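Let's walk through a protein chain together, one question at a time. Keep the picture open while you read.

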Amino acid sequence: SNIALGESFTTKTEYLRYAKYVDFLQFDVTHFGGFTTTIDVINDLKELNYHKQFTVHIWGSCLSYIFNYLLAASCKSIEWVEFPLIELELNEIFLKEGNLESLINLKELEIQNIINTFNSTDISKFKYFKNTGYQLPK
């Protein structure tokens, strides 16, 4: 069976160290620090002759899905994208139907609208750990 690892990594060193032990390295641009740091790791691994495929991991929100999907769409080395199964209140702001199923049919213009909405929305009223989709205990 295949092993995927890396969705919780926070440093380039972790990816470089574990690359030889797994079948898929998983990235999450919303957890790892953004597109630039993630692309740097992918490029470093390729320079070290790492020939396995990558995947992207989703922490749960529609925003995480969109950003990781955009990374996957721009990188031919990313073989598949996880689809989140956790519904969050935050999704209601960004998705027309307010649920994850509506992610499947997103068009490029809708993605840009969601990103624009995110940039202009105060999300501090939502009780989530920063950079994750998980709700704090009450």
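This is a predicted model: local features need pLDDT of at least 70, side-chain atom pairs count only at pLDDT 80 or more; totals for chains, interfaces and linings use all residues.

Q: What percentage of the residues in the chain are buried?
A: To count as buried, a residue needs under 20% relative accessible area. The chain has 138 residues, and the buried share of them is 40%.

Q: Which element gives the largest share of the largest nonpolar core?
A: This core holds 31 residues, and Tyr-15, Leu-25, Phe-27, Leu-45, Phe-54, Leu-63 and Ile-78 have the most contacts inside it. Elements giving two or more residues to the core include β2 (24-27), α3 (35-47) and α4 (62-74). The largest share is seven residues, and it comes from α4.

Q: At what angle do α3 and α4 pack, and how far apart are their axes?
A: Two packed helices are described by an angle and a distance, both taken between their axes. Here the crossing is right-handed. For α3 and α4, the values are about 40° and 12 Å.

Q: How many nonpolar, polar and charged residues are in the contact of α3 with α4?
A: On the α3 side, the contact is made by Phe-35, Thr-38 and Ile-39, while α4 brings Phe-67, Leu-70 and Leu-71. Sort these by class and you end up with five nonpolar, one polar and no charged.

Q: Is Phe-35 buried, partly exposed or exposed?
A: Phe-35 sits in helix α3. Buried means under 20% relative accessible area and exposed means over 50%. Phe-35 has 34% relative accessibility, so it counts as partly exposed.

Q: How far apart in space are Phe-35 and Asn-68, C-alpha to C-alpha?
A: Leaving aside neighbours within four places in sequence, Phe-35 is in contact with Val-29, Phe-67, Leu-70 and Leu-71. Now take Asn-68, which is 33 residues from Phe-35 in sequence. In space, C-alpha to C-alpha, the distance between Phe-35 and Asn-68 is 8.9 Å.

Key
Residues are numbered from 1 along each chain as its sequence is written. Side-chain values use heavy atoms; hydrogens and water are left out. Buried means under 20% relative accessible area, exposed over 50%, partly exposed in between (1.4 Å probe, protein chains only). A nonpolar core is a set of buried Ala, Val, Leu, Ile, Met, Phe, Trp, Tyr and Cys residues joined through side-chain atoms within 4.5 Å. Helices (H or I, at least four residues) and strands (E, at least two) are DSSP runs, numbered from the N terminus. Axes are lines fitted to C-alpha atoms, for helices over the stretch in contact, and angles run from 0 to 180 degrees between N-to-C directions. A crossing is left-handed if the near helix is turned anticlockwise from the far one by less than a right angle, and right-handed if clockwise. Contact means heavy atoms within 4.5 Å. Ala, Val, Leu, Ile, Met, Phe, Trp, Tyr, Cys and Pro count as nonpolar, Asp, Glu, Lys and Arg as charged, and the others, Gly among them, as polar.
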